[in-house]
Amino acid sequence: MNRYLKLVHLEVHRFRYALFSLMFLTAAIQITGLVHTTQVRVKGWREAARLGEHSTRNFSFADVIGDLQFLFAIPILISIVVLGLYVFLIWYRDWIGRDKFAYRLFTLPTVRRNVYMAKATAIFVFVFAMVSFQLLMLLLERQLFNWMVPSEYRMSSLFAEAVASNLVFVRFLLPLDGIQFVVYYGIGILAVFVLFTAVLLERSYRLPGIVYAILYVAVCGAAIGGAVYLNLYNYFYPREITAIRFCIYLMVMGFTLTLGFRLVSKKITV
Amino acid sequence: MKRYMITSALILLILASLGTFYAYGAELRLPEYKLQTLEGDLAEASKLTLLGSYVGGKGSYPIEVSTSGSKRSEQTFSNQWMKNKGPLHDQTFSEFKALYKEHPGFMRGKMGTDGYYSDQDTLIFAKASYTHSKDTDQEGTIRWSIDSLDLATGKQVRYTDELTDSVQYTNVIDVQKAGSEIHVLTNVNRVNSGNELIDMVFNAETGLPIHSVQVPLGKPSRNDRELQIQIIAEKKPTAANSRVLFLVTESSKRTDNTVSASDTIPTIFSERLFEYQYASGDVKELPLVAGAEEENRPGSWTLHSLERATYTTMHLSEEAVTINRYDLSTGFAHPQVTIKASQLGKGTISQAQVADGRIYLLLQTGDYFKNNSMPIIAVADITDGRILYQGTPAPVKANGRPDDQLDDAQFLNMTIMQ
């Protein structure tokens with residue numbers, strides 16, 4: 001366990017600058033957008049007040065977040081792309097360079113599946129750290145909004161309302177339903193394991209391994225996608241369909257981890 | 001430990017922020033409402049639910065309010081994934097809740113409310129579907145399937161029958177049992193020739209089709225006219241009823257080359273009410289009840305219902321609702337009941353329903369968008385029109401919403417649990 005945790009830390013440490021850069025980029029773009037949009041709104045209100053025009057209602061933090069759909073989506077999409085590429089790079093960087101890091105990694109006095117799990121855990125830490133950072137940013141941005149907008153123009157809103165007003169948050173990143181969060185990120189975790197095993201297939205069998213990896217991803221993708229879109233409501237009750245889905249996910253997960261551990265322990269060469 | 005600071009800090013950040021968010025921050029709370037009594041007995045409104053939207057703040061969220069309080073009425077992801085009941089569970093007829101509970105196997109995959117029949121011995125579900133032929137020149141096939149559950153033994157059997165025909169679609173309207181016969185009243189829609197109603201009769205013991213009856217409801221008197229058939233079947237989906245009613249309206253034919261909006265409203269020439277007896281196959285014309293001829297007066301409409309032997313018509317306008325009830329087995333006409341909106345203080349009638357000996361009224365008290373006015377609901381006795389309850393939804397808990405958003409709810413519909 002201790003060795004596994006040390007390996008997790010090693011992987012987190014290696015990606016720390018990239019992670020902090022993503023956080024900085026997210027903060028910079030979102031704060032800039034928020035400040036600009038809020039200033040425009042406040043200016044508009046002041047102008048309306050000066051001309052004696054009556055606006056229908058004050059505006060809230062949720063309104064401003066709703067206005068910033070595209071600007072908020074940009075850093076999130078960039079982060080998704082970077083982390084998506086790093087799912088591959090976290091393995092391949094160990095083989096790249098003059099002094100291959102993989103030599104040292106696979107000769108450590110620990111079971112090799114710890115390497116596999118540590119790399120996966122590191123990816124999950126990065127993803128959830130970015131999501132958590134987004135939540136912290138929203139708290140900070142709400143405070144910033146309250147400082148910038150005079151109370152006579154401001155309407156209070158719930159934190160969940162601000163999250164719900166942005167489609168990227170509510171549909172993908174931070175669904176308000178806890179079970180939805182678990183299901184979405186659970187499928188994401190499963191997808192990471194499938195890609196890891198695909199990388200190991202390629203690393204184990206090289207050129208033919210690419211074909212195996214593509215086939216493996218296609219089969220697992222079809223199984224996961226089939227489970228997601230399982231539409232047998234004409235015969236099954238919803239809870240039964242949920243049980244079938246979970247069985248499919250567990251089977252894919254079990255097979256993927258078994259194959260991944262076997263490849264990393266017995267097949268992989270540097 | 002200092003060495004592991006970054007990893008530890010990230011994990012702490014994840015646990016603290018996601019944990020706090022999903023424990024406290026993710027709930028999109030709306031103000032809570034409750035039906036507040038203006039006068040009368042609150043128990044009279046216990047079956048009533050008002051449906052509407054909360055529009056305070058950003059966005060709009062479906063909400064429902066009853067005597068026990070309010071709740072968001074949209075299907076959440078958790079509900080969709082964890083529900084162990086079928087699609088009819090949320091219907092206003094409570095009998096489906098009981099059917100899911102008592103016969104989950106039989107109810108599996110059964111959609112639609114019109115194909116059910118039950119008595120103390122049997123539970124029946126019938127379905128009719130039309131399959132087009134792969135060759136467009138060939139006729140397709142109408143298929144009937146009848147699932148019958150013996151409530152004493154738990155034995156379930158399926159009967160089927162099919163007919164080659166060329167139609168647009170078919171659907172089951174009513175299922176009844178008369179002696180040893182199962183009657184499946186089926187609507188058959190044909191291209192350019194309106195609807196046909198076919199009573200498919202099956203032997204309840206063997207499942208074999210006995211015969212089919214095309215219910216004779218007349219033909220249009222001229223080529224430029226058509227018949228519109230309104231089916232008035234037993235209101236409670238599974239209840240037994242020996243008859244079904246048809247309101248047949250002869251109107252001008254709607255054509256595709258209309259030039260103005262007024263052309264799309266067909267002229268009505270006659271309305272006739274027929275009664276079809278399942279057991280005998282007899283069709284009898286009934287004297288048209290008062291009020292039905294007013295159906296097309298602008299701003300008013302008439303609703304018809306049949307519950308056991310009682311045929312009820314409810315004529316609604318913004319100012320008043322008038323109920324006529326007839327006992328079809330004796331021919332007795334109950335005293336007409338009229339409730340005027342002016343009796344209820346303020347507002348105009350927007351909806352009314354009759355259920356279990358009560359008249360439920362929903363009155364809108366003003367322009368919602370101007371003054372956020374809450375509606376009034378009223379419950380009256382169907383026998384004499386006496387008002388038994390009047391109430392209005394009122395906020396009882398802010399749930400973190402500012403005071404000026406508490407009345408940002410609009411309730412435009414009501415349902416009655418029967």
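This is a predicted model: local features need pLDDT of at least 70, side-chain atom pairs count only at pLDDT 80 or more; totals for chains, interfaces and linings use all residues.
Residues are numbered from 1 along each chain as its sequence is written, chains are lettered from A and ligands numbered from 1 in the order in which they are written, and side-chain values use heavy atoms, with hydrogens and water left out.

**Where chain A meets chain B**

- In chain A, 52 residues are in contact with 42 residues of chain B, contact being heavy atoms within 4.5 Å.
- About 3,900 Å² is buried between chain A and chain B, with carbon and sulfur atoms giving 67% of this area. Buried area here is the accessible area (1.4 Å probe) that two parts lose on being put together, summed over both.
- His9(A), Leu158(A) and Tyr237(A) supply 18% of what chain A buries against chain B, more than any other three residues.
- There are 2 salt bridges between chain A and chain B, a salt bridge being a side-chain nitrogen of Lys or Arg within 4 Å of a carboxyl oxygen of Asp or Glu.
- Glu161(A) forms a salt bridge with Arg401(B), and their closest N and O atoms are 3.1 Å apart.
- Several helices of chain A each supply at least two residues to the side that touches chain B, among them H1 (2-50), H5 (113-148) and H8 (178-228). Helices (H or I, at least four residues) and strands (E, at least two) are DSSP runs, numbered from the N terminus.
- H1(A) gives the largest share of that side, 9 residues.

**Annotated spans of chain A**

- An unreviewed UniProt entry places the feature "transmembrane region" at residues 15-36, 70-92, 116-138, 182-201, 210-230 and 242-264 of chain A; such annotations may be inferred rather than shown by experiment.
- Residues 182-201 of chain A are 100% helix and 0% strand, with end C-alpha atoms 28 Å apart.
- Residues 242-264 of chain A are also 100% helix and 0% strand, and here the end C-alpha atoms lie 32 Å apart.

**Cysteines**

- The model has 0 disulfides over all chains, a disulfide being a pair of cysteine sulfur atoms within 2.5 Å.
- The closest cysteine sulfur to that of Cys220(A) is in Cys247(A), 16 Å away, which is too far for a bond.
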